[in-house]
Amino acid sequence: MNASLLVAGLLALAVLLGSARLWWSLRRAAPAARPQGWRVTLLLLVQAAGAVLLYFVLFPPPQAREAGTLVVLTARSSEVPVQDSAAQALAGEHVVALPEADAPPGTEGVPDLATALRRYPATTRLRVLGAGLVARDRDRDAVGTRTLAFHPAPQPRGLAELHAPAQVPAGRRFRITGRAAQLADGAAELIDPAGQRVDRVQLDEAGHFELHGTARSAGPTTFGLRLHDARAEPVEQVAVPLQVAAARPLRALVLAGAPNPELKYLRRWALDAGIELDTRISLGAGLQIGTAPVALDAAALGGFDLVVLDQRSWRALAAGPRAALSTAVEDGLGLLVRMTGPATAADLERLEGLGFTATAGDAAGETRLGAGFARAGEAADAMPGIARSALTITAVDGVELARDAAGAPLASWRAAGRGRIGVSVLDHSYRLVLAGRGEAHGELWSRTFTTLARPGGTAGEVHIPLAWSQQRAALCGIDDRARVTAPDGSDTDLHLDPASGARRCAGFWPETPGWHLLRAGAEVVPFYVRDAGEAPGLQAHAVREATLALAGGRTGPAANAAGAARATVNADGAAQATVNADGAAQAAAPGPRWPWFLAWLLLASAGWWLERSRLGLPRS
């Protein structure tokens, strides 16, 4: 039931109760004291007419008006190109300025878009100029089904886009990408929490960049992104917040056909990384060193997250353990096969059974890891050499784990059921440690283990967008008992917005910048709030993208040509657009309320006077 029907029912009930009260008083009065019939009839009519007038005060009848366009000026509207300017409003257009707009003198100001639409209820089209509609209360929701054309201002100089992982396992290498505006021939640098530069790249022609770093200790960590212009002068530095998660304890089983230095340094890395490594090395003639041998069945494999096989141990697997291993992979176990030597026909057949195709190339030789493992500003040929087999491993649905300096894949993986299977052709990665490049060795194996290992628990559903202090942010995926702890220790209770539905969102206005803690049930999620004046280009891009989404991805003339939206008249007084025979757009919008209120006030005053007068009553 909508509001108009509810109010009409309440008013009808009030008239009915008032009439019943008058009738009851007449029944109880003595016949000689009863008023004349015309007085009773007039009082009943006044009650009914007053209810009708009060209804039209609340819901005035719609009137046909010319459907107009509302021009909305937002921040930096004066920077919009001349061809998109709304300085001279067209016929039927009204120009309003939101509080953050740099509007010309005399422009009508409004506190928010919803207020402007109430002032001009016949509006069916919106033309937004400037930076876009900010997340102020429900400015974006007020657009509704109206057509919106967006004329954006140019991007400000500096950082425009930034994409960084929300969470990084401790010890893992991470990548951040982004785009800078109006910084031709500029550069981008990644600064670690200690203030040291860890990576630097030149911006491409479009201003894009890609930087790499390594996450160290677990906990909230703030890196820095510094932009330079063509003269190497610093332009802007913004925070890059990362939540470094403690590495999940992994259990890995390593089967090797013989002891070798590669296995020695792999064991040393696993010990430092907190990985429980179960190593079994065959010495031949049935002899084995390492942990006590057990049968490779479903029960034993269920206790591991990853199994690593070198080429000899993979060949030596009997049919039973091989089938158990395949079943365990389907259930989520990770498998890595290291093909470091020449492959036989049986090897190629088994690889095809795993979903990989092996192509024999030149003789095995030396290679170097690609740029993803190099230090800042280091050429690929400066990396220590490692060995690789002559095989090239591919898969139709495969994903590369590592490339060499020439771009050839060194390791790939593919999904198999709930698990993952990886095949690697590189060897002698321990040379990286001997050459003083232990971080590259650790990154190589950390990437391999965390990618292939059995997946852990599912990630939480809490969604936190970019947030700035003194501005509204929407936190979604929370419960009705969620609260936020600020850096100063103060707590703020969050209240779910009923309109968000299943997304379960709440509005939050942070007062101070820095790391905050969102406590949603048993989950504690750190998130970073930027200072109000930090990264203006990043903030402008977020507002721009949100407004573009309302415009359906169209800007300027393209959005104007999209056609007028159609709405329906409802109890809230929303406009309804129609088209006349001559093509002129018409809109049915609520009429003025003041005539109905004046009529109701006069009628109520007359009824009040009549009830207190002696007209129509007996003289005695």
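**Exercise 1.** Work out which residues line the largest cavity and which elements they come from.

*Solution.* Start with the list: V254, L255, A256, N260, E262, L263, L266, V308, L309, D310 and R338 line the largest cavity. Keep in mind that this is a predicted model. Then sort by class, and you get 7 nonpolar, 1 polar and 3 charged residues. Last, the volume: the largest cavity comes to about 90 Å³. The structure holds 4 cavities of 30 Å³ or more.

**Exercise 2.** Find what lines the second largest cavity, and which helix gives the largest share.

*Solution.* Now look for the main contributor: helix α10 (residues 438–452) brings the largest share, 3 residues. Sorting by class gives 6 nonpolar, 2 polar and no charged residues. The volume here is about 60 Å³.

**Exercise 3.** Describe the second largest pocket, from its centre out to its lining.

*Solution.* First, the space: this pocket takes in about 1200 Å³. Its lining has 39 residues, with V134, A135, R140, R472 and A474 the closest to the centre. For the elements, β28 (473–476), β31 (505–508) and α11 (536–550) each supply at least two lining residues, and α11 gives the most, with 6. Finish with the classes: 20 nonpolar, 8 polar and 11 charged residues.

Technical notes:
Residues numbered from 1 in each chain as written. Predicted model: local features only at pLDDT ≥ 70, side-chain atom pairs only at ≥ 80, totals over all residues. Heavy atoms only, no water. 1 Å grid on protein atoms, 1.4 Å probe; cavity = no way out; pocket = protein on both sides within 12 Å on 5 of 7 lines; lining within 4 Å. Points joined across faces, edges and corners; volume = space filled by probe spheres on them. Helix = DSSP H or I, 4+ residues; strand = E, 2+ residues; numbered from the N terminus. Nonpolar A, V, L, I, M, F, W, Y, C, P; charged D, E, K, R; others polar.
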